[in-house]
Amino acid sequence: MTLRAFQRAGWIGVFPPLTWLAEYRLSWLRYDTIAGVTLAAYAIPVSLAYAGLAGLPPQVGIYGYLLGGLGYALMGSSRQLAVGPTSAISLMIASSVGALAGGDAMRFAQIASLSAFAVALLCLIAWLFKLSVLVRLVSDSILVGFKAGAGLTIIMSQLPNLFGVAGGGHNFVDRAIRLAGQIGNINPLVLAIGIAAVVLLLLGERFLTGRPVGLMVLALSILMATLLGLPAMGVPVTGKIPPGLPAFEVPTFGMLDFQELFPIAAGCLLLAYIEGVSAARSFAAKHGYSIDVRQEFLGFGAANLAVAFGHGYPVAGGLSQSAVNDTAGARTPLALLFCSLTLALCLLFFTELLTNLPRAVLAGVVIAAVYRLVDVRALLRMWAVSRIDFYAAAIALVSVLLLGILQGVLLAALASILLLLIRASRPNIAFLGRIPGSGRYSDSIRHEGVTPLVGVVAFRPEASLLYINAETILEAVLEKLRMVSDVRLVACDLSASPYIDLAGARMLLDLYDELASRRITFCIVGAHAQLRELLRAEGLAEKTDSSEWLRTLDSVLREGNVSERSGLRDERPPG
């Protein structure tokens, strides 16, 4: 089938390689090759560290990059996004799957692979039903708080490996208490190795940008551990890593009930989609192309399906690994294929070199990778600019620290929806005054210099009129009437209200009835088409002058001697 035939069949969007391969230039091959090898050099230390964070054998992390990259390259719409294990998902798997596995390492690995399959299935469902809009309900402020909580939790989980103690615990507070009780057992040699690794990684990040610093630190630590005999001195190391490529196998179904598996898969999908799409959008904007947010469900679904059949655990697109891929010069997803090929060669021929890798170094890799998640500057800015956004971030942060990653991300999503409803229930209601020398009106509270309307209360709800805010608007108008005497006219300006529901229309009816009992005229102006249809259906055309609904507040006040009754004078200059 030719490219044109694929276009007629509508398969171009569903299978993105048909687009970027048709545009591929031979000169890009060099850049994609270098980017793929560079990404693999970054992926090896990070994937080993994240697999340990997830509670799985180290090679499983490499499987995630190898297979996840292949799957995403086939179905993803971003040309720079790199897919593999992430810190938040790794910790989520460790905490949630560990509780279900009951200490059985084989069952743990099987449930982790089954989770990846469930994520792939949810991705397909989300793609079919176009659910990308649901993920947008998680606000940026919630995401900042969640990332900070996840970063602190992950760092706390790695401190025992950095200190050479047993650690333990189920959440941040529990881990901190147990770690404090084990301070006297710190292994100075292990601590020195871990701190040295963190310092070298941070210095390399600052002064050797774009270089595989993590791989260099790993190579140096392995060399030192081997030459100095650190394993014999009690320094924990990774041990022997089985050579060879992952064996493909269908995940074991029926191990968990749906209600046990769904929260894990839903949490992983939420994290994967939010972080992945955010990173993909930033690189698409940088390089001047667009991504299909719906198609990303298929990209992440294909990545997790490949990982599920290769004994891996859920993967996602991440900003840090994608930045490495982009900085190294990736032009297309072909870079992910070269990365997978490089990792496959490492699994076949070089796993023996990783035997003496100190675990404290892997802990340092994790800490150096996630400390940026704790964005104190963003939290302080929220406190100064928008307290409600700060409180949203604080809810997400505290929920992750106290409840864990899985419960934290689900509670953060719920909190985001609730805050959206709270904001919608408290719209700004502008009580209008006239701007001198013009026919325009502005909020008399927020803007100085506007002329009060005598005998008239004009208000403009600056939001849609919905069931969640209708009562608030009615109470605000009635409260204003109690503060103003000799009111003869109340005007409702709906020019800033794009939508109205039945509760909003009935609120206007209730307001009309209340004003009629006080012998006060009520009019509606600036109503859009959809609003006029519902207002007419609810009977407001019989109670107010529907010819005024289309007009501006100024034109209504100035005609029919309304201006005289309200004490208005035309202050605009003639001509």
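Modeller: Helix axes are lines fitted to C-alpha atoms, over the stretch in contact. Angles run from 0 to 180 degrees between N-to-C directions. Keep in mind that this model is predicted.

Colleague: At roughly what angle do the axes of α8 and α10 cross?

Modeller: Two packed helices are described by the angle between their axes and the distance between the axes. Here helix α10 covers residues 188–207. Its axis and that of α8 come within 7 Å. They cross at roughly 125°.

Colleague: Are α8 and α10 roughly parallel, roughly antiparallel, roughly perpendicular or oblique to each other?

Modeller: Roughly perpendicular covers 65 to 115 degrees, and roughly antiparallel starts over 145. The crossing angle is roughly 125°. The two helices, α8 and α10, are therefore oblique.

Colleague: Which residues of α10 make the contact with α8?

Modeller: From α8 come Asn161, Leu162 and Phe163. By class, the contact has six nonpolar, two polar and no charged residues. The α10 side is Val190, Leu191, Gly194, Ile195 and Val198.

Colleague: Which elements give two or more residues to the lining of the largest cavity?

Modeller: The lining includes Ile142, Leu143 and Phe146. Leu270, Leu271 and Ile274 are also among the lining residues, as are Ala412 and Ala413. The elements are α8 (140–163), α12 (258–287) and α19 (405–425).

Colleague: How do the residues lining the second largest cavity divide by class?

Modeller: That cavity has about 40 Å³ of space. Among its lining residues are Ser95, Thr153, His170 and Arg175. Arg counts as charged. The lining divides into two nonpolar, five polar and one charged.

Colleague: Which element gives the largest share of the lining of the second largest pocket?

Modeller: This pocket has a volume of about 580 Å³. Its lining has 29 residues, and Ala94, Ser95, Gly98, Gly169 and Arg175 lie nearest its centre. Helices α3, α5, α6, α8 and α19 each supply at least two residues. The largest share, seven residues, comes from α5.

Notes
Residues numbered from 1 in each chain as written. Predicted model: local features only at pLDDT ≥ 70, side-chain atom pairs only at ≥ 80, totals over all residues. Heavy atoms only, no water. 1 Å grid on protein atoms, 1.4 Å probe; cavity = no way out; pocket = protein on both sides within 12 Å on 5 of 7 lines; lining within 4 Å. Helix = DSSP H or I, 4+ residues; strand = E, 2+ residues; numbered from the N terminus. Points joined across faces, edges and corners; volume = space filled by probe spheres on them. Parallel < 35°, antiparallel > 145°, perpendicular 65-115°, else oblique. Contact = heavy atoms within 4.5 Å.
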